[in-house]
Amino acid sequence: MNSEKVSKILIIDDSPIDINIINKILKEEYKTFFAKDGYKGIEVALKELPDIILIDIMMPGMDGYDVCRNLKNYPETKDIPIVFITAKDETEFEEKGLKAGAIDYIIKPFNPNVLKLRIKNHVELKRSKDLLRQMSYIDGLIGIYNRRLFDQTIEREWRRAIRNSSEISLIMIDIDYFKKYNDDFGHMAGDMVLKMIAQLLRTHFLGPGYVVARYGGEEFSVLLPNCSIAEAETMAEAFRKKVEDTVIEV
């Protein structure tokens with residue numbers, strides 16, 4: 001199995017025994033993470049961004065309902081499916097869990113095969129939603145991320161930088177005299193230039209977490225998490241030189 005495609009599951013439960021049982025059921029098909037209290041669970045969720053989160057209700061300090069509500073308040077985790085796995089089988093607890101934002105409610109003890117199938121269905125549904133969301137974030141003309149994705153990403157990365165006291169840089173790129181180029185050679189030629197710049201951007205900014213997007217018209221943005229201003233300036237100048245040295249055929 002390709003490790004890059006393995007979905008991640010976070011289990012938040014104060015019982016090591018229950019964590020071990022669930023892990024044994026799921027570990028062969030998923031990459032699993034664990035937390036024994038709600039505070040640690042939120043920390044792990046924000047760091048690992050799992051594909052699905054399994055939460056027990058009764059935990060000390062912060063119960064499962066509060067964990068669920070907190071996760072739904074973070075832009076990074078608000079779309080991650082949450083499933084309650086609990087011994088509380090009363091209807092009122094299930095209703096409260098679904099109102100808190102969970103998509104499912106599984107009662108202990110559970111059938112291992114049924115648990116695997118329900119988790120599999122939720123993970124596949126999330127993959128489908130992620131694919132549709134991904135498609136909505138791509139600029140249809142030049143094939144890189146659009147302004148919508150950029151706006152959402154910079155908010156998320158800004159919060160992460162504050163939380164981790166880490167650096168973050170932003171490069172804004174504009175093509176000089178682009179309107180004149182369009183007027184002189186036509187919009188099809190202008191589109192080819194935009195595509196060329198997009199391709200150069202993709203191959204130049206390859207750092208982990210870097211986001212290249214079309215900001216609007218002939219403007220582009222590059223978001224660089226964990227990157228200092230000095231490093232960003234060096235990369236920006238190297239990119240400017242690369243564009244300058246590129247032959248544009250008309």
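**Cores and surface**

Mentor: Begin with Val-67 and its contacts, meaning heavy atoms within 4.5 Å. Leaving aside neighbours within four places in sequence, Val-67 is in contact with Ile-12, Gly-38, Ile-42, Ile-55, Met-59 and Met-62. This is a predicted model, in which local features need pLDDT of at least 70, side-chain atom pairs count only at pLDDT 80 or more, and totals for chains, interfaces and linings use all residues. Residues are numbered from 1 along each chain as its sequence is written, and side-chain values use heavy atoms, without hydrogens and water.

Trainee: How many residues has the largest nonpolar core?

Mentor: A nonpolar core is a set of buried Ala, Val, Leu, Ile, Met, Phe, Trp, Tyr and Cys residues joined through side-chain atoms within 4.5 Å. Buried means under 20% relative accessible area, exposed over 50%, and partly exposed in between (1.4 Å probe, protein chains only). Val-67 is among the residues with the most contacts inside the largest core, as are Ile-53 and Phe-84, and the core's residue count is 24.

Trainee: How many residues are in the second, separate core?

Mentor: Its members include Ile-142, Ala-189, Phe-205 and Cys-227. Cys-227 is buried, because its relative accessible area is 1%. The residue count of this second core is 22.

Trainee: Is Met-135 buried or exposed?

Mentor: Met-135 lies in helix 5 (residues 112-136); helices are DSSP runs of H or I, at least four residues, numbered from the N terminus. Its relative accessible area is 55%, so Met-135 is exposed.

Notes
Helix = DSSP H or I, 4+ residues; strand = E, 2+ residues; numbered from the N terminus.
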